[in-house]
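User: I am new to reading protein structures. Could you help me see how the labels are reached?

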Amino acid sequence: MIPLNLDITTASSMIERKELSPIELVETCLSRIEEHEGTNAFISINVEEARGVAAATEQLIVAGYRIGPLHGIPIALKDNIGIAQQHTTAGSAVLDGHKPINDATVVKRLRAAGAIIIGKTNMHEFAWGGTSANPHYGSVQNPWDRTRMPGGSSGGSGVAVANGSCIGALGTDTGGSVRLPSSFNGITGLRPTFGRVSNYGVVPLAWSMDTVGPMARSAEDCALMLGVLAGHDSADASSSSTVTDDYAGSVRNPKVHGLRIGLIDGYSLVNIQPAVEAAITAALDTFTEHGAILENVQIPDIEGNISAQLTVEAAEPSAYHQRNLRERPEDYGDDVRLLLQAGELLPSVHYLQAQRYRALLRSQLLSALESVDIIVCPTTPFTATALGATTVEITEGRQEDMLSAIMQFTGLPSLTGMPALSVPCGFDDNGLPIGLQLIGRPFAESTLLRTAAAFQRYTHFHRQTPPSQKV
Amino acid sequence: MNIPNVTEQSTLEYVQAAAGMVSLPLSEDHATEIAALLQQWIPDAIALSKRMQSCELDFIAPVTTFTMPIAGPADSQETDK
């Protein structure tokens, strides 16, 4: 019996030692996908391809060949990541029947590392939303409580990792779409520095903020995946040529002694649910017990971040969708159509002031990161809400709009292009996961991964699995 | 000069006019929904614009895509996978 919390690092070394068969691993994942069909986590499943590749990878291992660090590992892809000649819907009826000509660069890199693409996961339509309530492919359900939402927009990827339907997954993160479902589903997820991982072949949301990131059980797994994904790609105009790091190496023997952790005054611990505050405070205690140093930092203009994010994230997709909004508006779900239409009507000067604000915010964040190594805050100010909720109560008696509330903490790295990682750090009274967000300097993914890996040596939140919930 | 308030009616009129300017077909219902959404967003966007009008920020150019600063010695070479 393959455990539900099997991680990539363990599975990979077991496969290499011939203690675990890729065929058995794929069959287990396929049976779990079927078992949890009601969570609507997948849009399509590559049954035959996955079985064929599993058999081939097993033969290679028997013959003494290991293609790469992900040899025989079943990985799921968010369905806005293109695979040549396979349906790529981005969770929308608008792209029904769409088959890209080429693989996305991240798909090529996963395959070259030996990964088995097991299926394409459900998402918030066109990644424009944080709940994964999808009118075309069903609302994705949180495996920790099927009456709750899993976050989004990479909700299906978060659920698939949490319930063991795959061992790792890719999500995309514009305003928080890797980190939000990682937090709500109790897994680890990384938004890389803008430009670190190629966006080629990925259906865009907002060009100036889009990233692709790994979602897995542990920071060690995310490091392994990032090592495969990262690197310059001439096919992506925003791809960075900055050299990659040895991410997998950076998480070996991780420690936090002497690490300077910043808390943003008036922001990091403000307007959050009591259970979230308790979990974050306990996580900070864990860090200081192991020698980390807490410091307060200032970001004077943090207040405008949600408005800037709404403006940029509304305006840019509206340009991409301009034709389809006129030719087939009925093929969009109501919420996304509304956001796209609204985005097209925003004054251009508001968009440009928001883009100027991003430069201001980035300079202030970089200044803060001169005195500390990382900055921390919750990933989300609240735990998973009921399916379909459009408002959320963070402080008693006050309902807040879901879209603004859900990006309260994820917007800062998104707007500034910095890397950020969500790591499980506790549960609320209902057993719902809570995530801690670590924010780092540009291209300092290794620092985030090492810090998270150390935290996962001290704690076991990432080893927890959702209660068994039959469909 | 008076600055007009952002009201429900003025936002709806703006939405209808702006939709015409960009040739975006909108039903009455959709225009009303968009007006309600923009009425939530616009006051904060105006506040942000006001902040960015400050003289001391005149040197800041808008970001469209980032060229990230070099993070350290390990980042001084180029790579291509």
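This is a predicted model: local features need pLDDT of at least 70, side-chain atom pairs count only at pLDDT 80 or more; totals for chains, interfaces and linings use all residues.

User: What makes Trp207(A) partly exposed?

Analyst: Its relative accessibility is 41%. Partly exposed covers what lies between the buried limit of 20% and the exposed limit of 50%, so Trp207(A) belongs there. Tyr320(A), with 35%, is partly exposed by that rule too.

User: Why are Tyr267(A) and Phe409(A) said to be edge-to-face?

Analyst: The ring centres of Tyr267(A) and Phe409(A) are 5.2 Å apart, which is within 6.5 Å, and their planes are at 65°, which is over 60, so this pair is edge-to-face. The pair links distant parts of the chain, as Tyr267(A) and Phe409(A) are 142 residues apart. Tyr267(A) lies in the loop between β7 and α9 of chain A, and Phe409(A) in the loop between α14 and α15. Both residues are buried.

User: How do you know that Asp301(A) and Arg51(B) form a salt bridge?

Analyst: The closest N and O atoms of Asp301(A) and Arg51(B) are 2.6 Å apart. The limit for a salt bridge is 4 Å, so this pair qualifies. The rule finds two salt bridges across the interface of chain A and chain B.

User: What area do chain A and chain B bury between them?

Analyst: About 4200 Å², with 65% of it on carbon and sulfur atoms. On the side of chain A, Val243(A), Leu345(A) and Arg356(A) lose the most area to chain B, together 18% of what that side buries. In terms of contacts, 48 residues of chain A touch 46 residues of chain B.

User: Which polar contacts and elements belong to this interface?

Analyst: Nine residue pairs are in polar contact across the interface, both residues being at pLDDT 80 or more. Among the elements that give two or more residues to the side of chain A are α7, α10 and α12. α13(A) gives the most, with 12 residues. By class, that side has 23 nonpolar, 16 polar and nine charged residues.

Note on methods. Residues are numbered from 1 along each chain as its sequence is written. Chains are lettered from A and ligands numbered from 1 in the order in which they are written. Side-chain values use heavy atoms; hydrogens and water are left out. Buried means under 20% relative accessible area, exposed over 50%, partly exposed in between (1.4 Å probe, protein chains only). Rings of Phe, Tyr and Trp (its six-membered ring) pair if their centres lie within 6.5 Å; planes under 30 degrees apart count as stacked, over 60 as edge-to-face and the rest as tilted. Helices (H or I, at least four residues) and strands (E, at least two) are DSSP runs, numbered from the N terminus. Contact means heavy atoms within 4.5 Å. Buried area is the accessible area (1.4 Å probe) that two parts lose on being put together, summed over both. A salt bridge is a side-chain nitrogen of Lys or Arg within 4 Å of a carboxyl oxygen of Asp or Glu. A polar contact is a pair of N or O atoms within 3.5 Å; within protein, one must be able to donate a hydrogen and the other to accept it, and residues adjacent in sequence count only if both atoms are side-chain atoms. Ala, Val, Leu, Ile, Met, Phe, Trp, Tyr, Cys and Pro count as nonpolar, Asp, Glu, Lys and Arg as charged, and the others, Gly among them, as polar.
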